[in-house]
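Morning, everyone. Please have a look at the model on the screen, and then I'll walk you through it.

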Amino acid sequence: MFGHERDDRELDDELRAYIDLQTAEKMKAGMSPADARRAALIESGGVEQVKEEVRDVRPGVWIEALVQDAKYALRTLQRAPGFTLSAIVTLAIGIGAATAIYSMVDGVLLRRLPMGAGDRLVHLTEPSTQSDDEGFFVEEVGDLRRDLTTMAGVAEYHRMTFQLYGHGDPLRVTTGVVSDGFFDMLGVKPALGRTFRRGEEAVGAAPVVVLSHAFWMDKFHGDSSIIGATFTMNDRVHTVVGVLPPLPLYPNDNDIWMPAGACPFRSAPMMMNGHNMRMVGAFAVLKPGATLSQARTELATVGARYAAAYPAAYPAAQKIHYAATVARDEMSQRARPILYMLMATALFLLLVAVANVSTLSISRQLRRSRELALRVALGAGFGRLYRQLALESLLLAFAGGAVGVGIAAGGIGLLRSLATRFTPRAGEIQMNAAILAFA
């Protein structure tokens, strides 16, 4: 790679010595110096031809030829700025659109959930003839936690809106009300402080709250001294014990989170006792080795047993039963058809861009037919010509791809805003190695 000039000098010296020896031999045989040298050159096959043959078998010669072809391709493209600019812009639009939409598909549909439970997180529902989800009794969640063997950490969840007092103007906050083991079940570690401890969902326990990362940044500007601060909510003083990481928390990105027992509605005696009031949702995590199919079979068995034990709570006419859905699928359910449609549209746009650039390239090569014919006449092989043209195309493709990635990166913020209407995973739309590989 780096000793070619020295090698060429040594090759010149070797060939010169060989010609001199052959000339001397022929002069001994009686030829004149001029005739002897001419005969020696003819027998050698030509000095320059021999040099080319030697160079063609040197180690790394293909790299040298590739570099030469790349330089020539760059000069060729620079001599046609109109064609080059048109091709790069056309490819950039097609590649940029496809890459941007693929970043949505990757973030929302393909990537596993960014939490410890990952794709083992399951949403439990109770469909009936009257509703997609009747909701669970508070006591029912505890029964499932005790009786299910294919799932671990069954936790309740519901959402409320409360007024928060104590720091400036009153704040109206959406609040996730959960079991104290909810975040441990999900495998979510706090960015600051801690999450809920066992026993903090008990009615009468000291009220605590955990802030979402977005709420903490928006209202408190990332102030780490927020841990230990107190707020008044529902006429009780609540202490901030932690801040969550910036994750898409399912099923909703709430402002704050509180243990179930601190919710005045959920902790009312009529909600707590027996199978009387359906109010809460339920989530669980599949145990290692358990499948969703096995979990659904067990839910059907357990549900039949509960229906027999509490016939008034599970009217036969309503056909109330248990269902389980992988949370990742449910989080992307609304976005899936939209993303598929957008991806198909983007790929069609890319196909149109490639077709346009191909047409431009073909018409340009036709205009270069004389140049190519001359190179063939001077000894260039067809393989060398193919490589030359392929390098020009690759340079255009890489340039278009680089500009396209810039276009896609600039549009990711807009795509996130669009995706927030359909999925809580919009925050995961970002540039990463998979997106660059796709581009």
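Predicted model: local features only at pLDDT ≥ 70, side-chain atom pairs only at ≥ 80, totals over all residues.

Residues are numbered from 1 along each chain as its sequence is written, and side-chain values use heavy atoms, without hydrogens and water.

The core. By that I mean buried Ala, Val, Leu, Ile, Met, Phe, Trp, Tyr and Cys residues joined through side-chain atoms within 4.5 Å. Buried is under 20% relative accessible area, exposed over 50%, partly exposed in between, with a 1.4 Å probe and protein chains only. The largest core has 25 residues. Leu124, Phe136, Leu144, Met151 and Leu299 touch the most other members. Helix α10 gives the most, five residues. Helices (H or I, at least four residues) and strands (E, at least two) are DSSP runs, numbered from the N terminus.

Now the strands. β1 and β10 run antiparallel, joined by four bridges; pairing takes at least two DSSP bridges. Leu124 is partnered with Ala324 in β10. Ala324 and Val326 make the covered face of β10, Ala323 and Thr325 the uncovered one.

Last, salt bridges: a Lys or Arg side-chain nitrogen within 4 Å of an Asp or Glu carboxyl oxygen. We count 14. Asp143 pairs with Arg146 at 3.4 Å, N to O. Asp143 is buried, at 7%; Arg146 is exposed, at 58%. Arg305 meets Asp147 at 3.6 Å, N to O. That pair ties α10 to α6, parts 158 residues apart in sequence. Shared partners join Asp143, Arg146, Asp147 and Arg305 into one network.
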